[in-house]
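Let's take a friendly walk through a protein model, one part at a time. Keep the picture open beside the text and look for each residue as we come to it.

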Amino acid sequence: MRESLLGQIRCPRCRAESGLELAPARCDAREVREGELRCAGCGAAYAIRNGVVDLLHAPPDFVVREAAGLARFAERMRADGWDRERILALPHEPSDYWFGQARAMEAVLASVAPRPGERVLDVGANTCWASNMLAEAGLEVVALDIAAVQMQGLETADWFFEAGGAHFERVLGLMFDVPLASESMDYVFCAQVLHHNDSSTLARTFEELYRVLRPGGRLLVVNEQLKFPLERKLDHGAEVEEYEGYEHVHFLHRYWLDARRAGFEVRLTEPADHHFFRGEHYVLAPETPTVTTLKRTGVQLARRSRLGRRLYLAYRTLLAGGVSLNMVCTKPADG
């Protein structure tokens, strides 16, 4: 960490937003690599290891289990052929998942046009690919996660630094009890991470992200999975059981209402990886040539109409499925 981070964090024990004192033990040309933070108010001490600040105070059991599962998953990734070079290439990995992540980040950077020097919190930074891209765009980034292990946690950042990437801060902490000072961020970025909350912690997470944003700041939610009336998926079951991932699937209204109750103005945005919104052709069910032509014509007309795109987005996100949740939540300027 760098000393400048002190003005952006708060003590997770007593919530004091000033008074954290830095005691470095080992530094390099970039940052403090080992040391300690101590709160002048309550006396709590927080370790700095490999440049990562540990502000994960009194985590609940499900967080401890999930962090341990991420360490096991990192070993699985290595066994499956993942290495430093593949991580450094992210998000440009040949898979549907990473294609979606890459397109979402492109859309965020194009639509938001952040200015160099603005601050962004990357929630659930994991492999740190998004933190690296945001930092290389000139933003001052704080990467937040519950795990530090390389390949699935914040220490992965060292690979990007060693490869010449821009510096960003790394903080261990909870998204529903963010150890950052109020109104310290211009943006919060959440890529497929909010579903790691149950209903109670999801509401708290939106409240916390609202708190850390400055008035006029924006929460950018991309690729969040949803539950749909016509394509219901109640949980992740065996997909995450082995790694004890604390994952849930919520309907759109759960995200929308919790964000609104926290104080945000909410706007749904188009999923950048969906064929309809990309304008690409896709396979229709085999029917007569006339019916197929009519359907293709209808799709093209809907794409070219602002109302048509909105209606199709509403149909997909509210009923039919096949899309992820993407939204911009703005903290009012007088918030």
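Helices here are DSSP runs of type H or I with at least four residues, numbered from the N terminus. With that in hand, find helix α11, which covers residues 306–320; Tyr 312 and Tyr 315 are 3 residues apart in it, so about one helical turn separates them. Why does that spacing matter? An α-helix has 3.6 residues a turn, so residues three or four places apart point the same way. Please remember that this is a predicted model.

These two tyrosines also let us talk about rings. A pair of aromatic rings is described by the distance of the centres and the angle of the planes. The structure holds 7 aromatic pairs. In the pair made by Tyr 312 and Tyr 315, the ring centres are 6.3 Å apart and the planes meet at 50 degrees, so this pair counts as tilted. Are the two residues buried or exposed? Tyr 312 is buried, because its relative accessible area is 17% and buried means under 20%. Tyr 315, with a relative accessible area of 39%, is partly exposed. Elsewhere, ring pairs join Phe 62, Phe 176 and Tyr 246 into a cluster.

Now step back to the whole chain. The protein chain contains 11 helices and 11 strands. Of its 335 residues, 50% count as buried. If we take the contacts between residues at least 6 apart in sequence, 71% of them join residues at least 24 apart.

Just after α3 comes Ala 113, which takes a positive phi of about 50 degrees.

Helix α6, residues 199–212, has 14 residues; from first C-alpha to last it reaches 21 Å, close to the 20 Å expected. Its buried residues include Leu 202, Phe 206, Glu 208 and Arg 211. Among the elements covering the buried residues of α6 are α1, β5 and β11.

Where does Arg 10 lie? Look in the segment before β1. Arg 10 is buried, with a relative accessible area of 8%.

Rolling a probe the size of a water molecule over the atoms shows where empty space is left. The largest pocket holds about 1200 Å³ of space. Its lining has 43 residues, and those nearest its centre are Leu 70, Asn 126, Gln 152, His 196 and Glu 247. Elements giving two or more residues to this lining include α1, α3, β5 and α4. Which element gives the most? That is α1, with 8 residues. Sorted by class, the lining has 23 nonpolar, 13 polar and 7 charged residues.

Terms used: Residues numbered from 1 in each chain as written. Predicted model: local features only at pLDDT ≥ 70, side-chain atom pairs only at ≥ 80, totals over all residues. Heavy atoms only, no water. 1 Å grid on protein atoms, 1.4 Å probe; cavity = no way out; pocket = protein on both sides within 12 Å on 5 of 7 lines; lining within 4 Å. Points joined across faces, edges and corners; volume = space filled by probe spheres on them. Nonpolar A, V, L, I, M, F, W, Y, C, P; charged D, E, K, R; others polar. Expected span 1.5 Å × (residues − 1). Buried < 20%, exposed > 50% of the residue type's maximum accessible area, 1.4 Å probe, protein only. Contact = heavy atoms within 4.5 Å. Phe/Tyr/Trp six-rings, centres within 6.5 Å; stacked < 30°, edge-to-face > 60°.
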